[in-house]
Amino acid sequence: MAIIEIEGLRFTYSGAKKPALDGIDLSIEKGEFVVLTGPSGCGKTTLCRCLNGLIPHFYHGDFQGRVVVAGLDTREHEIWELAQHVGLVFQNPENQLFCLTVEADVAFGPENLGLPREEIRRRVDWALKATGMWELRFRAPHELSGGQQQRAAIAGVLAMEPDILVLDEPTSFLDPAGAADIISLVAGLCREHGITVILAEHRLELVAPYADRIIVMEKGHIALNGPPEDVLTSERAIELGVGIPKVVKLYGLLASSGLELPRVPLSPHEMAELLAEVAKFGDRA
Amino acid sequence: MRGISLTIGEGEFVVIMGPNGAGKTTLVKTFNGLIKPTRGRVFVDGIDTKDATVAELSRKVGLVFQNPDHQLFCETVEEEIAFALKNFGFEEEEIEKRVNWALKTFGLEEYRDVSPLTLSGGEKKRVALASVLVWEPKYLVLDEPTLGQDYAQKERLRRLVRGLLGDRAVVMVTHDVEFVADMRPRPRLVLLSDGRLIADGRAEDILTDPRYIDMARLVRPQVPEVLRDLRSLGAPVRTDVLDVEEARDVILSALGAR
């Protein structure tokens, strides 16, 4: 069964002339790792805000269609209720952390649910360990590196034990190693804990190896939606200005020179292995 | 900064890379006198930055900050772009001409009368860049120009920087390895770590060396990584390649040599 079901979604922010989302139909299965991409202003952030009820409860405007998340229609359920199913992580972790220690920040959500003490303890400990923040739990968020802050923000969201994690360009403010680290953490949460991931990201070379699906948005609607192998090799992706990873470009160049690989590689290592398979370099020795 | 010696020539294209906290932004702030060294000296066109004001140095060295919010403050995009020109005493007519050029070049014409603070992150970055380029500084310093930009905007930036080279030196601070790999001409690369200069050379030499990439907490570029993996699987290939077309030729010729 789909964990996210969107039908005929249109949204125009109050005061805006054009709709930010203009007819979205989308169904996402439990446990999927979905990458959301597309040029700035295409509606990625607006779509993320629709998934946890920030739209229409916090950002007002004209809302049409239906968004059902974990069986809940977002118009009929409030943000605090939806937050137990959908965790939203923003670009800049500084906007999400405000307590004196990491641990207090992570406990904030479950405390507000009025859960029993032991249950809060259990959730906080789990979230800190799952994100590798256990050792740093007594540190002040502002003393941490950007990557550690983003881990702390993810831990805070995880402590709500959501079924779905929505991340809106969570690595934009991080250095490349910190970014790779966060993406691999998120991929692990999807793989090991079955959490459904919706990740808005421009740098596809970083996320494509983990993605079950890539959705490319353009001007408020979905332009492409499919497995990374199909989306990244489509003509339309190039027209839309999607940043095609170098390994996929190299795959295309080799194919037009007559060297066809059995599938589209999404990482350098995968490409090298496919090439070695086809060419049997190893046999020469 | 600990014991940095560096000379940048007229018209040169230099990229500065390194982990967060390595001192990249501190280094470029010494170029226009925003930061004066506690020891050692920084000269711009032969002038010691200690003997000049930031205003004098800025006429030569245009610095575009990483976060456009630290740079933008006028009420409209047009005023923002005209601001420095007025301060530098350009004629009214010349200001109008240059502002129009900048609005057009950066696709900002429709935002002429709009407050820069209402723009998206990518648009703000374009306003910040336009408001510096408009006075044609001899040295242009860009701090993380690709941060948060989508691929199409990066392409535009790449073309723009290429167009500027020749007439002026461009110094760019960035983490974006694939962006640098796609730059033509390829820049000279300066790598910083912990306030020290750890490498200074051709981008194709440094970016294809995993030791440097790892030290600078960068992500290894994909093309040389494919070739290095292939080599460890027994293929006779070079690994000092950044370009996809060149990698194709290297792979095909290794196959032909079987």
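Two residues are in contact if their C-beta atoms, placed from the backbone, lie within 7 Å. By that rule, in this predicted model, 35 residues of chain A are in contact with 33 residues of chain B. On the chain A side, the elements that contribute two or more residues are α7 (176-193), α11 (246-256) and α12 (268-279). Of these, α12(A) gives the most, with seven residues.

Within chain B, a sheet can be followed next. Six strands make up this open sheet, in the order β4-β5-β6-β1-β7-β8, with mixed pairing. Its edge strands are β4 (61-64) and β8 (196-202) of chain B, each of which pairs on one side only. From one strand to the next, the twist averages 15°. Inside the sheet, β1 (residues 13-17) and β7 (residues 188-193) of chain B run parallel and are joined by four bridges. One residue to look for is B:M17, whose bridge partner in β7(B) is B:L191.

Helix α1 (residues 24-31) of chain B lies across β1, β4, β5 (139-143), β6 (169-173) and β7 of that chain, and runs at about 155° to β5(B).

Two further helices of chain B pack together. The axes of α3 (residues 77-87) and α4 (residues 92-105) of chain B come within 10 Å and cross at roughly 135°. α3(B) and α4(B) are therefore oblique to each other, and their crossing is right-handed. From α3(B), the contact uses B:E78, B:I81, B:A82, B:L85 and B:K86, and from α4(B), B:I95, B:R98, B:V99, B:A102 and B:L103. The residues of this contact divide into seven nonpolar, no polar and three charged.

Conventions:
Residues numbered from 1 in each chain as written. Chains lettered and ligands numbered in written order. Predicted model: local features only at pLDDT ≥ 70, side-chain atom pairs only at ≥ 80, totals over all residues. Axes fitted to C-alpha atoms, helices over the stretch in contact; angles between N-to-C directions. Parallel < 35°, antiparallel > 145°, perpendicular 65-115°, else oblique. Left-handed = near helix turned anticlockwise from the far one by under 90°. Nonpolar A, V, L, I, M, F, W, Y, C, P; charged D, E, K, R; others polar. Pairing = 2+ DSSP bridges.
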